[in-house]
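Let's take a walk through this structure together, one stop at a time. Have the viewer open and follow along.

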Amino acid sequence: MMPFLKQDELNSVIVLRDGLSILEPADAMDIIHYSICEHQNSAYLH
């Protein structure tokens with residue numbers, strides 16, 4: 001997914017309460033989805 005993300009999305013700070021040991025692929029996709037949505041809140045659509 002990295003080639004499709006903007007630099008500000010890649011630079012997002014993410015804190016995992018339980019660390020990487022229990023992170024599932026679906027959890028990672030949720031984090032990516034949230035990051036994209038969070039950075040699009042300030043985008044203007046024409």
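Is Met2 buried or exposed? Met2 counts as exposed because its relative accessibility is 60%, where exposed means over 50% relative accessible area, buried under 20% and partly exposed in between (1.4 Å probe, protein chains only). Before going further, please note that this is a predicted model, in which local features need pLDDT of at least 70 and side-chain atom pairs count only at pLDDT 80 or more, while totals for chains, interfaces and linings use all residues. Residues are numbered from 1 along each chain as its sequence is written, and side-chain values use heavy atoms, with hydrogens and water left out.

Met2 sits in the segment before helix 1; helices are DSSP runs of H or I with at least four residues, numbered from the N terminus. Although 30 residues separate Met2 from Ile32 in sequence, their C-alpha atoms are 9.7 Å apart in space.

Now move on to Glu9, which belongs to helix 1 (residues 7–10). Glu9 is buried but has no salt bridge, and the nearest side chain of opposite charge, Lys6, is 4.8 Å away. For a salt bridge, a side-chain nitrogen of Lys or Arg must be within 4 Å of a carboxyl oxygen of Asp or Glu; Lys and Arg count as positive and Asp and Glu as negative, with His and the chain ends not counted. A polar atom of the Glu9 side chain does lie 2.8 Å from the backbone nitrogen of Lys6. Beyond its neighbours within four places in sequence, Glu9 is in contact (heavy atoms within 4.5 Å) with Ser35, Ile36 and His39.

Ser35 counts as buried because its relative accessibility is 9%. Its side chain makes a polar contact with that of Ser12 at 3.2 Å, a polar contact being a pair of N or O atoms within 3.5 Å, one able to donate a hydrogen and the other to accept it, where residues adjacent in sequence count only if both atoms are side-chain atoms.

Where does a salt bridge turn up? The count comes to one, and the partners are Asp18 and Arg17, at 3.8 Å from N to O. Arg17 counts as exposed because its relative accessibility is 78%, whereas Asp18, at 45%, counts as partly exposed.

Terms used:
Helix = DSSP H or I, 4+ residues; strand = E, 2+ residues; numbered from the N terminus.
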